[in-house]
Amino acid sequence: MSSVWESLTVDARDPARLARWWAEALGYQITTEKPDEVEIRQSADRLPGLVFVPVADGKERKNRLHLDLRPADQEAEVERLVDMGARHVDIGQGDVQWTVLADPEGNEFCVLRQKA
């Protein structure tokens with residue numbers, strides 16, 4: 001017996017705003033939008049989705065789970081995401097081949113180099 005990965009849930013102070021940010025970042029679309037849940041997916045029938053739900057608390061610590069993005073051009077993608085409102089963050093990663101950014105609500109994610 002196994003399970004299907006349906007979605008990853010993200011706590012957000014402003015779920016609609018953060019969902020729209022990630023939809024633009026990933027080229028996804030909003031598939032569900034309710035006051036208590038906004039879901040984005042690559043397409044309506046494709047799993048997994050990212051579900052954004054409201055919380056009153058802000059982010060206080062480093063994420064224990066994060067997304068890794070692998071664009072065709074790391075430098076250009078980092079620039080695009082920063083222009084959209086992401087920011088560079090130092091989580092103690094040191095000198096590595098990827099770039100750590102945070103989304104507008106402070107959730108860290110990595111932008112990897114293209115595969116060789």
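**Entry 1: ground rules.** I am working with a predicted model, where local features need pLDDT of at least 70, side-chain atom pairs count only at pLDDT 80 or more, and totals for chains, interfaces and linings use all residues. Residues are numbered from 1 along each chain as its sequence is written, and side-chain values use heavy atoms, with hydrogens and water left out.

**Entry 2: salt bridges.** I searched the whole structure and noted four salt bridges. The term stands for a side-chain nitrogen of Lys or Arg within 4 Å of a carboxyl oxygen of Asp or Glu. Side chains of opposite charge can pair when their charged atoms come close.

Entry 3: I looked up E6 and noted its salt bridge with R41, with 3.2 Å between the closest N and O atoms. E6 sits in the segment before strand 1 (7-12) and R41 in strand 3 (residues 37-41), so this pair ties together parts that are 35 residues apart in sequence. Helices (H or I, at least four residues) and strands (E, at least two) are DSSP runs, numbered from the N terminus.

R41 also meets E39 in a salt bridge, at 2.9 Å from N to O. I therefore logged E6, E39 and R41 as a network of salt bridges, in the sense of the term above.

Which of them are buried? I took buried as under 20% relative accessible area, exposed as over 50%, and partly exposed as in between (1.4 Å probe, protein chains only). R41 is buried at 11%, and E39 is buried at 8%. E6 is partly exposed at 42%.

**Entry 4: R20 and E33.** R20 forms a salt bridge with E33, the closest N and O atoms lying 3.1 Å apart. R20 belongs to helix 1 (residues 15-26) and E33 to strand 2 (residues 29-34), so the pair joins parts 13 residues apart in sequence. R20 is partly exposed at 41%, and E33 is partly exposed at 43%.

**Entry 5: two domains.** The chain is assigned domain 1 (1-56) and domain 2 (66-115); such bounds come from an automatic or database domain assignment. Their C-alpha centres lie 19 Å apart. I found 14 residues of domain 1 in contact (heavy atoms within 4.5 Å) with 13 residues of domain 2.

How many salt bridges are there between domain 1 and domain 2? The count is zero.
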